[in-house]
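This briefing concerns the open spaces in a protein model and the setting of one residue. Please consult the sequence and structure shown below while reading.

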Amino acid sequence: MGITVRHFVILRQSLHETLSYYFPDDYTADVQYAFDIIMTVAAEIMTGTIVSSSGIDPCFLKSLEECLNSVVGTNYFFSFLRRRACDEIAEYLKLMRQFEKASDESDRYAVTKAMMHLCIATDGTHALNISFEIRNQTIEAFEKLQIKQQRQFDPYGQTVQVPSDFFETVHVHVRRLIIKNHWSAFVDSIHDFRDFVIPR
């Protein structure tokens, strides 16, 4: 029939994206794991080969960036972080993605305010574990933005421009923290789960 592992990789990705879109609450990481295992077994039965790490295994494990650019990878990683009591990192990454994808300055400013309130403020619900210096620098920069916003108040709703690299210092710190403390453990957890369900 000409069916190869590559066809299952494409099918699995499409399936994940579709179910994540239509069932954002019910299609949890555990359900996604289950579908991955089903697709892996189906691929091995249909192709008659053992699927290696270069086959059906998720390509989002190649790097943190690829993981966060994948709907499935992001869901897996956020679930992993929450299991490790690192909700603040998951919340920060979610807001950072919204910040990067903001459609206009008004949206970006709104996300920036939410980020400052939830993740940067020392008493934020999801306050990040960042240095005193980085926290204060970011708070001071945001206060300057707020003053600028007040001075150029526009009755028609024009919003002050937030630089695209506004959170760059914070992001470098958080990324370093993730790579050092969480990334390898996350990758291992994906492989360990697969090997447990489908022992070689």
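Which residues lie nearest the centre of the largest pocket? In this predicted model, Pro24, Tyr27, Gln32, Asn75 and Phe78 hold that position, within a lining of 15 residues.

**Largest pocket**
- The space in the largest pocket amounts to about 350 Å³.
- Two or more lining residues come from each of α2 (29-47), α4 (71-83) and α5.
- The most is given by α4, which supplies six residues to the lining of the largest pocket.
- By class, this lining comprises five nonpolar, six polar and four charged residues.

**Second largest pocket**
- About 280 Å³ of space lies in the second largest pocket.
- Its lining includes Glu65, Leu68, Asn69, Thr74, Phe78, Lys94, Arg97 and His171.
- At least two lining residues are supplied by each of α3 (64-68), α4 and α5.
- Here α5 gives the most, with six residues.
- The lining of the second largest pocket divides into four nonpolar, three polar and five charged residues.
- Phe78 is among the residues nearest the centre of the largest pocket, and Phe78 also lines the second largest pocket.

**Glu91**
- Glu91 is placed in helix α5, which spans residues 87-101.
- Glu91 counts as buried because its relative accessible area is 11%, under the 20% cut-off.
- Leaving aside residues up to four places away in sequence, Glu91 touches Leu118, Cys119 and His126.

Terms used:
Residues are numbered from 1 along each chain as its sequence is written. This is a predicted model: local features need pLDDT of at least 70, side-chain atom pairs count only at pLDDT 80 or more; totals for chains, interfaces and linings use all residues. Side-chain values use heavy atoms; hydrogens and water are left out. Helices (H or I, at least four residues) and strands (E, at least two) are DSSP runs, numbered from the N terminus. Buried means under 20% relative accessible area, exposed over 50%, partly exposed in between (1.4 Å probe, protein chains only). Contact means heavy atoms within 4.5 Å. On a 1 Å grid over the protein atoms alone, a cavity is a set of points where a 1.4 Å probe fits but cannot get out, and a pocket is an open set with protein on both sides within 12 Å along at least five of seven lines; lining residues have an atom within 4 Å of a point. Grid points are joined across faces, edges and corners, and a volume is the space filled by probe spheres set on the points. Ala, Val, Leu, Ile, Met, Phe, Trp, Tyr, Cys and Pro count as nonpolar, Asp, Glu, Lys and Arg as charged, and the others, Gly among them, as polar.
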